[in-house]
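Thanks, everyone. Let me put the model up, and then I'll go through a few contacts and one metal site.

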Amino acid sequence: MKTLSNLVMMLTISVIVFGCAPVTKEQQMQKFITNHVRKIKPMAKETNIAWWDAALSGKSEDYDKVSKLTLQIRQVYSNPKEFAFLKDVKQTGSVKDALLARQLEVLYRAYLSNQIEPELLKEIVDLSTEIEKNFSTFRGTIEGKKVTDNEIKEILKTETDSAKRKLAWLAGKQVGAAVADDIIRLVKLRNKAARKLGFDNYHTMSLTTGEQSVEDLDRIFNELYELTNEPFAELKVDLDRVLAADCNVAVTELKPWHYHDPFFQETPMVYELDLDAYYKDKDLRELGASFYDGIGLDVESVLVNSDLYEREGKNPHAFSTDIDKEGDVRILCNLKNNETWMETLLHELGHAVYDKYKDPQAPYLLREPAHAFTTEAIAMFFGRLSRNPAWMQQMLKLSDEQRAEIEKVSGKYMQLKQLIFARWDLVMYNFEKQLYANPGQDLNSLWWQMVEKYQLVKKPQGRNKPDWAAKIHFTAAPCYYHNYMLGELFASQLHNHIVHNILKLESDENVSYVGQSKAGDFLTEKVFKAGNLYHWNEMIERATGEPLTPKYFVAQFVR
Ligand SMILES: [Zn+2]
C-alpha cells in the first residue's frame, strides 16, 4: 500500500531522475566537467604557487610540497572509472556541441596519458630517475683525469689542437656507454606501458596524447629536410673551411670533434659577433616593458608580480607561469645586462602575454595555449628580436654605423644558428622515432646514419659506441624534442603573415615591430584569445590562412 508520503517521495525521485539529473550524454559531460573543474582548479593553483615559491626559495621542503601536490593532481587523472566514462562518451560521438566536444577531447587525452598501471609507472619513474642521477654525477675523463661538461665545452670552443679536441669529445661521450643499457631498458618499459593502452609504441602514444601524429610530423620534417638540404650544405662548406683552417687541418680531415659542441647543435662562434656591449649599461626590464607596451601588450602587471634578479638559492634559469588562468601570470629571470638575458626576458614575456591575453570567457579547461610548441613559438618570435639590427637600433638608440656593424654578421649568424638547429632536430626526431619502433636494432649505427644524413658530419672510422645515449633528452624529456623545431616554424610563419598581411610590407628587411600595435592586436585576437579552443593546426590555419609549414622558416633564414 502506498501512503501519501511514499507517493510524494516517489514523485520527488522521478523528478530527480527525469527532471534535473543529466540524461543526455551532453548533459552528463557538462556535469562531469563542472565537477572536474571544481576539484582541479584550486589544486592547480595551489601547485603553481608552491612551484613558484620553491623556485624562489630553493628549499627542499618547498620542492617536496610541489611533488606531493603534483602527485595529487596525477591521481585525479589516473582514475580508471572516470577515464572509462570519457572514453565511452568519446566513442559514441554523441557530444555535438563544439565547445563541449573540445573539452572532452582535452580531458580524454589528459586522462589517457595517466592510465599507465601504478606498478609499471613506478618502475618507469624509478629507472628514469636513476639514469638522470647517473647523468648528473658521471664525469668523463681525459687521460685519466676527470673533467666537467663545462670543461669539455670550453675545449671544444677554443682548442686548436685536433688531438686535444678529440680527447674532449670522447670524454663527452663516455656517459653514453655508462647509461645506454638502462636507456634501452627504459624505452622497452615505456613501450610496454604504451602497448597496454593500445598503441604501437611509446613514441606513437606520446604524440597522440600531445594531439600530434607521426604522419603529420613526418610530412613537416621531410619538407624541412628537402628545403634545407642545399642551403645547409652550402653554409656548411663555408663553415668547414673556417673550422679546418682554425685547427690547421684539411677540410677532408674534419671530424665530429672539430665542431664547437658535443653534438654540433649550436653555432660555432667563428664569425665575430659580440652584442653584449650594446646591452651593457641598459635597463633590460625597462626595455622589455616599453617594447611590449608599444605593441599594445601590457606586461607591467606581469612584471610587478615577477622575480627578475639573481639571488642566493633561487632557480638560476628562467620561466613563465600562469598561476590561476585568471590573470595572475609571473615570470622568473636572473637578469644581467647582456644580450642573452635580453633574449630570455623577451622570450618569457612572450609566454606571459599568451597566458595573460587568453579569453577570460573561455571554459577553464580551454584557457591554455593550443600546444606547448605554440607558446614556445610566441616566445621565440619575440626572443629573436634581441639580435635584430632594426630592433636594436630603435630600442637602444644606435647610430646607423653601429647598426651596419651589427648587420655585417648578424644575418649570417642567425641563418647558421637556425639551419644548424633544424638539421640537428631532424636527427633527434628521426632517431627517437626509430628508437621506440625497434629498440633492439643496432642503435649505434642508426645514430651515425642520421648524423651523416642530416648534419653532414662523418662518423669517425670504426666508431661503434652508444654516442646517442649521451643525450639526456631521451631519458628526461622523451618524445618532445621535435616541438622546439615546430615552435621555430610557427614563429616564422607568424612573422611572414604579420609582415605581409597585417603590416602590409613588401619585405621584412627593416621590420623591428617597435610601436607596431597592429602586430600585438593580431596576436591577441588570432592566437592568444583562441587559447585551446581548436586543434593547434586549425588555430594556425585560422590565424595565418595555412596549416603549419616549414616554408616561411626557410624564407626567413635562407637568403
Ligand atoms: Zn620557452
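Start with helix 16 and helix 17. From helix 16, Pro389, Ala390, Met392 and Gln393 meet Asp400, Arg403, Ile406, Glu407 and Ser410 of helix 17. Contact here means heavy atoms within 4.5 Å. Sorted by class, the residues of this contact are four nonpolar, two polar and three charged. For the classes, Ala, Val, Leu, Ile, Met, Phe, Trp, Tyr, Cys and Pro are nonpolar, Asp, Glu, Lys and Arg are charged, and the others, Gly among them, are polar.

A word on provenance. This is a predicted model: local features need pLDDT of at least 70, side-chain atom pairs count only at pLDDT 80 or more, and totals for chains, interfaces and linings use all residues. Numbering runs from 1 along each chain as its sequence is written, and side-chain values use heavy atoms, with hydrogens and water left out.

Back to the pair. Helix 16 covers residues 389-396 and helix 17 covers residues 400-437; they pack at about 155°, axes 9 Å apart. Helices are DSSP runs (H or I, at least four residues), numbered from the N terminus. Axes are lines fitted to C-alpha atoms over the stretch in contact, and angles run from 0 to 180 degrees between N-to-C directions. That makes helix 16 roughly antiparallel to helix 17, a label for angles over 145 degrees. The crossing is right-handed: the near helix is turned clockwise from the far one by less than a right angle.

Next, helix 17 against helix 18, residues 443-455. The angle is about 150°, and the axes are again 9 Å apart. These two are therefore also roughly antiparallel. Their crossing is right-handed. Helix 17 brings residues including Trp424, Phe431 and Leu435, and helix 18 brings residues including Leu446, Trp447 and Tyr454. The classes here are 12 nonpolar, three polar and two charged.

Now the metal. Which residues are the protein donors of the zinc ion? They are His347 (NE2), His351 (NE2) and Glu376 (OE), 2.1 to 2.2 Å from the ion. Donors are N, O and S atoms within 2.8 Å of the metal (3.2 Å for Na, K and Ca); water is not among the atoms, so sites may look incomplete. The sequence spacing is H-x3-H-x24-E. Histidine 351 sits in helix 14 (residues 339-356) and glutamate 376 in helix 15 (residues 372-383), 25 residues apart. Both are buried, meaning under 20% relative accessible area with a 1.4 Å probe, protein chains only.

Last, tryptophan 169, in helix 8 (residues 162-196). Its relative accessible area is 2%, so tryptophan 169 is buried. Beyond neighbours within four places in sequence, its contacts include Trp257, Trp448 and Arg463.

Key:
Buried < 20%, exposed > 50% of the residue type's maximum accessible area, 1.4 Å probe, protein only. Parallel < 35°, antiparallel > 145°, perpendicular 65-115°, else oblique.
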